[in-house]
Amino acid sequence: MSQRRRPARERASAPAGRQGARAAGNAHAAAAPASLATLVQRWQRRHGRRGLPWIGERDPYRVWLSEVMLQQTQVATVLGYYRRFLARFPDVHALAAAPLAEVLALWSGLGYYSRARHLHRAAQQVVAAHGGRFPGSSAALARLPGIGRSTAAAIAAFCFGERAAILDGNVKRVLTRALGFEQDLAEAPAMRALWAAAEAQLPRRGIERYTQGLMDLGATVCLARQPLCAQCPLAARCVAHAQGRPHDYPVKTRRLVRGVRRNVMLWLEHRGRSWLVRRPERGVWAGLACLPLLDDEAALAAHTQGWPGRRTALPAFKHVLTHFDWMLQPVHWQWPARAPAPAPEALAPLGEGRWLSSAEALAAGLPAPVRRLLAGAARGTEATEATEATGATEATGATEADAAA
Ligand code: SF4
């Protein structure tokens, strides 16, 4: 790289006298190893990601939206959602004025629905308390709903040039490896120390390129399973690479203990309409429209005792969430078309709900597996896919704000 060639060039033109002494001083300065930030900035200029709609963006609304969507979700998945969301809600005023149901519907399938609710609330707050202008500092941004320290820093760095450190999952990996940071990130003091270390690396100038460079390195080079150290600008000074054990970083002893949950999902249909209930305001799929979930077959039998119609068990599938695997057994109950639909009061034990046509249901905010099931029915087939199509797993309430605390 250029910083390695520079000393040789300086040696080739040997200085003399006072001027020479100054030149020698410069040569000495040039020979000093480039800082981590400089290496990242140089690399980003030549090798950073290009062509993503949010790269180079300086509008806080758009940066914020992309940062929130990219939490726990792959870039390829986010692209379509990002464009659709901006087409419908081009600015913070449009988002603040929209009904939450419409926001959730556009978010449907992206997972981590608490992000959409926070987004909506924060937009309303930006409009009500700040006249539609985003606060201009990371500290003030971090007081908005759902904006954690790292997201606030990213917005402030990109949009306001603030020298603020980001520390999302990818950047934690890059920095702990490069610095050989061996403290256990499950412990709060270790996280504080890592934040301090991240701040100590901040460049005096060019915070935007440095921030983008760290993100790009984490996403394309310092990969979790197969770090591409041979292509990394930090290889010569990376502690983990020198130790030959990048995979040992970051250190986190308290790993998530995953569980398994099982439920029966009742798809009650009558004349092309399905009975959908509203999920509770907290927990998985909070606030979304959903098919009723029952504990087991016995609960299903108790709820459907004496019901007319045809019952079909559909292929069971596993829905993967952050904290557990959800084994779901859909059961399709076709209520006879010639009979009147059961009254909402009769279905109340299944949860507060309503009858929706396929089109109405698909226009609402639905969890991804329910959407697939109903979309499959709308196309004349029944969905049997076993995993989340978005490539994302969903959180059970944890947000970046929690994680960064
Ligand atoms: S040298 Fe390897 S381990 Fe170190 S920061 Fe680069 S890619 Fe990551």
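These legends describe close-up views of a predicted model. Residues are numbered from 1 along each chain as its sequence is written. Local features need pLDDT of at least 70, side-chain atom pairs count only at pLDDT 80 or more, and totals for chains, interfaces and linings use all residues.

**View A. The shell around the ligand.** The ligand is surrounded by 15 residues (C-beta atom, placed from the backbone, within 6 Å of it). C222, C229, C232, C238 and P246 are the closest. Two elements give two or more residues each: α11 (169-179) and α14 (239-243). Helices are DSSP runs of H or I with at least four residues, numbered from the N terminus. The largest share, 3 residues, comes from α11. By class, the shell holds 13 nonpolar residues, 1 polar and 1 charged (nonpolar: Ala, Val, Leu, Ile, Met, Phe, Trp, Tyr, Cys and Pro; charged: Asp, Glu, Lys and Arg; polar: the others, Gly among them).

**View B. Helix α10, residues 149-160.** Its 12 residues reach 15 Å from first C-alpha to last, close to the expected 16 Å (1.5 Å times one less than the number of residues). Of these 12 residues, 11 are buried (20 or more other C-beta atoms within 10 Å of the residue's own, all placed from the backbone). Among them are R149, I155, F158 and C159. Just after α10, G161 takes a positive phi of about 70°.

**View C. L106 in helix α7.** L106 sits in α7, residues 100-107. L106 counts as partly exposed because it has 17 C-beta neighbours inside 10 Å (the class between exposed, 12 or fewer, and buried, 20 or more). Leaving out residues up to four places away in sequence, L106 touches R84, F85 and R88 (C-beta atoms, placed from the backbone, within 7 Å). R88 and L106 are 18 residues apart in sequence and 8.9 Å apart in space, C-alpha to C-alpha.

Terms used: Contact = placed C-beta atoms within 7 Å.
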